[in-house]
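Hi,

Here is the structure we talked about handing over. Please have it open while you read.

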Amino acid sequence: MQLPESQVAVLEAASADEATSIDALAEATDLPPETVTGAAFELEEEGLVEVSERVDETIELTDEGHEYATDGLPEVALYEAALEAGADEEPVSMGQVIGQSGLEGDAVDIALSNYARKGYGSIDSGEITADPDAEPTADAEANALEALADGAVGTDDDLEEVIDQLERRGLLEVVETTTRDVALTDEGVTELMGGIETTETVGAVTPDLLTSGEWETVEFADYNVEADAEDVESGTVHVLRQMSERVKDVLVGMGFQEMDGPHVDADFWINDCLFMPQDHPARTHWDRFAMEEPSHIDELPDQLVADVERVHREGLGEDSEGYHSPWDEEFARALALRGHTTSLSTRYLSGEEIGEIEPPARFFSVEKAYRNDTLDATHLLEFYQIEGWVMAEDLSVRDLMGTFEEFYAQFGIEDIQFKPHYNPYTEPSFELFGTHPTTGELIEIGNSGIFREEMLEPLGVDCDVMAWGLALERLAMLTTGAEDIRDLHGTLADLEFLRNAEVTY
Amino acid sequence: MPTVDIDPDELRDLTGTEEKSDDELKDDLFGLGLEFEGRTEDGAFELEFAPDRLDRLSVEGVARSLRYHYGDSRGVHVPSTNSADWTIEVDESVPADRPYVTGAVIRDVDLDEESLDSLIQLQEKLHATMGRKRAKGAIGIHDLTMLKGSAATEGNPTIEYVGVEPEADTFVPLDADAEMTPAEVLEDHPTGQTYADLVSEYERYPAIYDDLGLFSFPPVINGRRTEVSTDSRDLFVEMTGTDQWTIDKMLNIVCYALAARGATIEDIEVSYKDHDLVRPDLSTKTKTVPHERIETILGIDLDPDEVIDLAERSGLEAERNEGEAGNLVYEVTIPPYRVDVLHPLDVIDDLGRAYGFNELEPCYPDVGTVGGRHERSRLERATREQLVGLGFEDLLNFHMINEAENFERLDVAPGSDAYGAGEPTTIKEVYSEDYTMLRTWVMPSLLMVLERNTHRSYPQYLSEIGFTARLDDSENTGVSENRHVGAVLASHDAGYEDAKARLQALCRQFDVDLETPPTEHPTFISGRTASVVIDGEEVGVIGEVHPAVLVEHDLEVPVAAFEFDLEAFRE
C-alpha cells in the first residue's frame, strides 16, 4: 500500500492498544498538529485508524477570581472588620464597618450579599452583627479558589457544589476542549504489518512527471505560500529616464517633434542667436563650462553671423535699439557645454538642422544642459532640460497659457500662475508657478515667453514662436516627492535607491 | 537673480499707502514681478527681481512703480533740471578703454540713515547689474561742499577726468587712514584688491581731480575727503565707464531716485576733446506701436482709449496716430529711466502687465501638427528596454569626468588605439578637479557606480546608454559625440560567458551579426578579451575586467563587461 508521507508517519506513530492524542502524535512525527489532524481523517476514511473525540472540561479563574484568590473574598474582609468593630457583641453601624474594611464600589454589595448567605452575621436597619462562631478561615469557596489558583484541581464530588457556586459568582469559567485521539484499527495493524510505502511528494512539476503520466499519482508537497521569497535583482529603467519618457509621450501626443543636436556647441548658437548680449552676466566665465580643447567652432553660417551682429548692435529698424554692448565674432565662435538646450531651438529655427521649417510647427527636446551651479539638493552641474516651442502665425499670450496649462495638467499640476518675467530673448516672458500636489506650496515650474523679433528675424523666421523650458529633475521631484536631486541623477547613485524607486507612468 | 532690500514702512511713506498691510504689499509687489524672498535682519523685504527694470533697484523706484500700479500716478514725469554750473573736463590721458564720463549735481538733499542706506544700495545694485561689476560703468557720489573747482572755463568750476600713473599721486581712500598711491590701493586696500583686475592692465589709471587734487579713483574707490554723510546737502555724482549710453542711463536712475526724495537736479557739462554734452540726459524716447500687434500678442480686442489708459498706468504716454499702411498706431513716450525698452514689443509687455496677464483666458492654439520622436531617441529607448529585459539596472551618469577616472584608473592611455581611449574634450579653467573633461566612454562611470555600491547586494548588473565625446577634426565643432551601450556584470561568479550571452541576445534582438575575435585591451584580462564586431564593423570591446582595475576600484568580485557604439544598431 502507498500512502503520503504525513499519513505514513501518523500511522506508524499511532498504537492499536491505546488512543494517542493529536498533540502527542504531532510531537512524535514532528509535523504541525493541523497536518496530523488532516492525515488522521484521511486515514480514518481508509479505515486504518479510528479517531475518537472527547470533550474535556477545564476550569479557569476569571480576573475577579484571581483577584479574590490573592486578596481574599470581600465578605471575609467585611466579617473581619465587623469583628474588629465589636459587632460580635452588639450591632454596629454598617457605614463604620464598611469604612474599616476598605471595601469600595461593587465589592461592598458583593460582600453584603454573601455575608448573610454564609451566616457570618446579620444585617438589619443599617446595622451589622457578626456571628462569633463563624469560621471564615474554613470558607470552602475561599479554599477552592486558592486551590484553583495554584493549579490543583480536585475531582472530588464535594467540590462540585462549591465550583457551581463560584461559577455563579462569576469567579471561574468551565472551558470545554475537544481532544481527538487516534487509535489503529485492526485493518490498520494488518496494513502496517504488510508494509506501507511512502507516496512520493514532489516539489516541482517536471517534464518527466508530465510526460510519464506520473503526475496522476504523486502528491504535491505543500508550500508555505505566505513566506517572503528571495529578492530578485531585476533590471529597471532609471527613474529619471522614466520621467523623461513620460514627458516625451505627453509632448508627442500634443503634436511636438523631437530635436537633437550637439552638447558642445558654439556660443553663437547657445547665446548670440538668442539675442543674449555678449556682456550678459550669464555669459561670464563663472556660469558656464567653456571648452579648452577644442576651443572654437570651425564654421558658422556667414549671413546669419552678419545678421545676428547687426541686430545686436542696431536692433531691428528705426524703432528698435540694439544692445550697448560689444559684439565679437571670435567670442561667438567659442565652444562651451550648452547652458540650455535652446541652442537646439536656434539651430532648428535657423534651418541649419533640418532645413527651413514652415509654420505651424511644434518642436521639443528633453536633453542635457550644463550649468556651473553649486551642487546641492536642488542643483546639479548637469541636468535635463525640457524645451519646447510652437511656431505659428499670430500667437498670443493666451495661446501660450493654454498650451502650458494643457502640458502641466498631464502631470497633475493644475491652476498654473503666470508671473510676468524678463528674459533677454522673449517678450512677453513668464515664470510659471504651480501648486505642489502634496505640500500645496507655490513653486516655480518653468520659464516661458514669446521669442523676440530681434531673435527671430536673423534666423529667418517671420511668424511668432512661443517657447518654454524647465528642468526635468524639478518636475520629477514635484511628481515623485524626491527631496534630493542627487539621488536621481549621476555617478553618486545609490543602487538601493534606484532598485526601490517607485515606477513612474 | 538679483535681490533688492526694501523697508516696507518707507515704501508706504513714499507711495502714500499707510493702510496697506505687509501681506497686501507683498501681493502688489508680486504683481509687479518682485517676488518676496524673506526679510533681512532689520525687517526689510528682500525682493527678487528680473534684471530688466533696473529703475526698481531702490525703494524710490519701487514706490514709483507701485504708484502707477495703484493708479495714483499716470503718464510720464520728467524732473526739471537747473542749468549747468559745474563742468567735467576729459583729459587725453584717460585710459582709451574707459574714456566715458557723465555726472550731475544734486542740491538740497535731505539724507537720513534710511535714505542714505537706500542710496548706497542703489549704487551697489547698479554696479552689480548694468555696471557689470563696475567693468562697464562705475558710480561715485561725493559731498559737493568738499570739492573746489577752479574757474578755468568761462567762470564755471571744473572737475578733471584724467589718467594718472600708478605711483604718481596719493589720496586717502575710503576706509583708510593714510595717503596711498593708486598702485598701493590695488595692492593693500580690500576694495582695491577686489577691483584691481579692472584697471591693472592700464598704463595710467582713471582718476578724478578738483583744485585740491585727486579725490576719486574710478572704478575702484572714492577718496575720504568727499565722503557722503547724513549731513551732506549737495552732492556731486560722477560715473565713468566703457559705454556712454550705459552710464547715462545709470545716472538717470540715480537722479530719479534722489528727485523722488525732493532733491533738485542740476545739469553739468561734460567736455570731451571734440564735443560737449549736457548731462543728465533726461530726454524721452518714442516707439511706434501698431494697435493690431497689441491685440494679436494679448489675444484680445482692445478699445484705443483703453490702450492709452493702460500706457499711462504703465508710466508711459500713448498718442493715436496713423501708420504707414493707414493702420492705427500709437506714438508711445518712454521715460528716461527705462533701460529695457528696446523694441515696440517691450511696450506691449508693459500694456499686458497693466491689463493683468492673469486676467487673460488661456486658450489652446488651434493649429494642428504631427508629433514624433527623433530616430536616435527611439533607438535608445528600444535598446534600453532590451537591456532592462536582460536584467540590467539602467543608469544615468554624469557626462563630465576627470582624466584619472576616465583613463588612468582603467589603465587606458589617452589617444591610444584601445576602444574608449579617444582624445579628450577638455573644460577650460576648471572649477572642480572632478570635472575636467567629457567622458570618452561609459565604462569608467559604470565602474565608479560599482565602486560606490560595494555595500549593496550582488549580483549588480548595470548598463547605460550614454553620451560620450572625443576630439574629431572632421566635425564642425571639433567634437565627435556618440552614444555608447555599456554594461557591467558584477557577481561572485561573473565571467566572460555571462557578458557574451547577453551581448548575443541583444544582437539577435536587433537582427545584427555579432562576431567576437580575440583582441587585447588594457582594461581587460588578456586572453579573455574580444572586439565587438557587428555586421563586419569593429564597434566595441567585451571581456573580463582586469584584476588590477578591479582592485583599483575596491571591488572584490569579478566583473565582466562590454561596450559598443549604439550606432551599430541603426539600420
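My notes cover the interface, then the cavities.

This is a predicted model: local features need pLDDT of at least 70, side-chain atom pairs count only at pLDDT 80 or more, and totals for chains, interfaces and linings use all residues. Residues are numbered from 1 along each chain as its sequence is written, chains are lettered from A and ligands numbered from 1 in the order written, and side-chain values use heavy atoms, leaving out hydrogens and water.

Interface. Chain A and chain B bury about 8900 Å² between them, 55% of it on carbon and sulfur atoms (accessible area, 1.4 Å probe, lost on being put together, summed over both). In chain A, A:Asp319, A:Arg398 and A:Thr491 lose the most area to chain B, together 9% of what that side buries. The contact (heavy atoms within 4.5 Å) takes 106 residues from chain A and 92 residues from chain B. The rule finds 14 salt bridges across the interface (side-chain nitrogen of Lys or Arg within 4 Å of a carboxyl oxygen of Asp or Glu). A:Asp279 and B:Arg132 also meet in a salt bridge, at 3.1 Å, N to O.

Cavities. The whole structure holds 8 cavities of 30 Å³ or more (sets of points on a 1 Å grid over the protein atoms alone where a 1.4 Å probe fits but cannot get out; points join across faces, edges and corners, and volume is the space filled by probe spheres set on them).

Best wishes

Conventions. 1 Å grid on protein atoms, 1.4 Å probe; cavity = no way out; pocket = protein on both sides within 12 Å on 5 of 7 lines; lining within 4 Å. Buried area = accessible area lost by both parts, 1.4 Å probe.
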